[in-house]
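Work through these exercises with the model open beside you. Each task is followed by its solution in steps.

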Amino acid sequence: MEDPSHTARALWALLEPLHAVTYFAPEARQAFEDAGLRGFWRGYFAGRAAPLGETGPEPVTAAFFGFAPAMVARALPGLWAVVTPGRALEARRTGAGAALRRLLSGYGREVEEAAGLLLPVVRGLDCAGRVLAAANRALPVPPDPVERLWHAATVLREHRGDGHVAALVAAGFDGCEILVLRAGADLPRAELQPYRGWSDDAWLAAGRRLAARGLLDPRGGATAEGLRAHRAVEEATDRAAARPWQGLDASARDRLRRLLVPLARASAAALRFPNPMGLPAPAGEMTDVSGPQVPGSGRSA
């Protein structure tokens, strides 16, 4: 019998590329710009925070977890003077849809069938304690099959991300510390710190706290205990993400994976590998695009 945690991680790796085009595909970036959101971070914060409504920086900092509060405060609530949450949601949906229609051209049957398998999972989600997942699930399901698939992938990735935040809090990490630990394990600091807005002082202070716990060595590398702590968070995240998939029988899970593999590989053309999301390249293929990369729903970093 397959380990439900393994299923959760495997499906995250296949769903995350479908969602992540929202940030990195040119069609998605253009849709945000057409709505008046010029620059990567305006689109990112407005699009991702919009399901929460016209909120300020404090709830968004809490929900997104890894961003420095000052970085979030530079974006919110000021962005709501430029665009309403409803307009930001429209730009997010139409931009992602346009990107996926290009990337998934020729996969119409797979898109429709995968969306049909995923939507009952989304409807059955227990969103208690998962604010971003609940806010996204409350949005209307788009009639277009490509946008339905994107909607389902988005709700499920935020559901996993909410569980990841809970695992990090339970393990005693704050938003900066987990990035410093990940930089000490396998990702360059330059891929993480600038894109989350932490100052050098905050980064160094987080490193000192981790070293005091025995999680970093004097050179800033993750110790064996640090690697175990990070692995434990990932395992807890997988366990927390496993429950939604238990309602699908083995044949449906296998069919879903077979459908998603080519869709994930095609969507990954809009992404960069390696990336701070911790997302592996489908089938080992490595691609590169310019622009910031943001740890997201799997939030391995």
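A salt bridge here is a side-chain nitrogen of Lys or Arg within 4 Å of a carboxyl oxygen of Asp or Glu. Keep in mind that the model is predicted.

**Exercise 1. Salt bridges around D238**

Find which side chain meets R9 in a salt bridge, and state where the two residues lie.

Step 1. Start with the total: the structure holds 23 salt bridges.

Step 2. Look at R9. Its side chain meets that of D238, with N to O at 2.8 Å. That is within the 4 Å cut-off.

Step 3. R9 belongs to helix α1 (residues 4–24) and D238 to helix α13 (residues 224–242), so the bridge ties together parts 229 residues apart in sequence.

Step 4. R9 is partly exposed, at 26% relative accessible area. D238 is buried, at 8%.

Step 5. Look for a further partner of D238. R160 also forms a salt bridge with D238, and their closest N and O atoms are 2.7 Å apart. This pair links distant parts of the chain too: R160 sits in helix α9 (residues 145–170), 78 residues from D238. R160 is buried, with 3% relative accessibility.

**Exercise 2. A bridge to R272**

Identify the salt-bridge partner of R272, then decide whether the two residues are buried or exposed.

Step 1. The partner is E191; the closest N and O atoms are 1.8 Å apart.

Step 2. R272 lies in the segment after α14 (250–267), while E191 lies in the loop between α10 and α11. They are 81 residues apart in the chain.

Step 3. Both R272 and E191 are buried.

Step 4. Now trace shared partners. R9, R160, E234 and D238 are joined into one network by their salt bridges.

**Exercise 3. The faces of α12**

Step 1. List the buried residues: W203, A206, G207 and L210.

Step 2. Recall the geometry. An α-helix has 3.6 residues a turn, so residues three or four places apart point the same way.

Step 3. Turn to the other side of α12. D201, R208 and A212 are exposed there.

Step 4. Ask what covers the buried residues. The cover includes α10 (175–185) and α11.

Step 5. Just after α12, G214 has a positive phi of about 80°.

**Exercise 4. Two residues compared by setting**

Locate G197 and E110, and classify each as buried, partly exposed or exposed.

Step 1. G197 is in the loop between α11 (193–196) and α12 (200–212).

Step 2. G197 has a relative accessible area of 27%, so it is partly exposed.

Step 3. Leaving out residues up to four places away in sequence, G197 touches A68 and M71. Its C-alpha atom is 17 Å from that of L79, a residue 118 places away along the chain.

Step 4. E110 is in helix α7 (residues 108–123).

Step 5. E110 has a relative accessible area of 16%, so it is buried.

Step 6. Beyond four places in sequence, E110 is in contact with L259 and L263.

Notes
Residues numbered from 1 in each chain as written. Predicted model: local features only at pLDDT ≥ 70, side-chain atom pairs only at ≥ 80, totals over all residues. Heavy atoms only, no water. Helix = DSSP H or I, 4+ residues; strand = E, 2+ residues; numbered from the N terminus. Buried < 20%, exposed > 50% of the residue type's maximum accessible area, 1.4 Å probe, protein only. Contact = heavy atoms within 4.5 Å.
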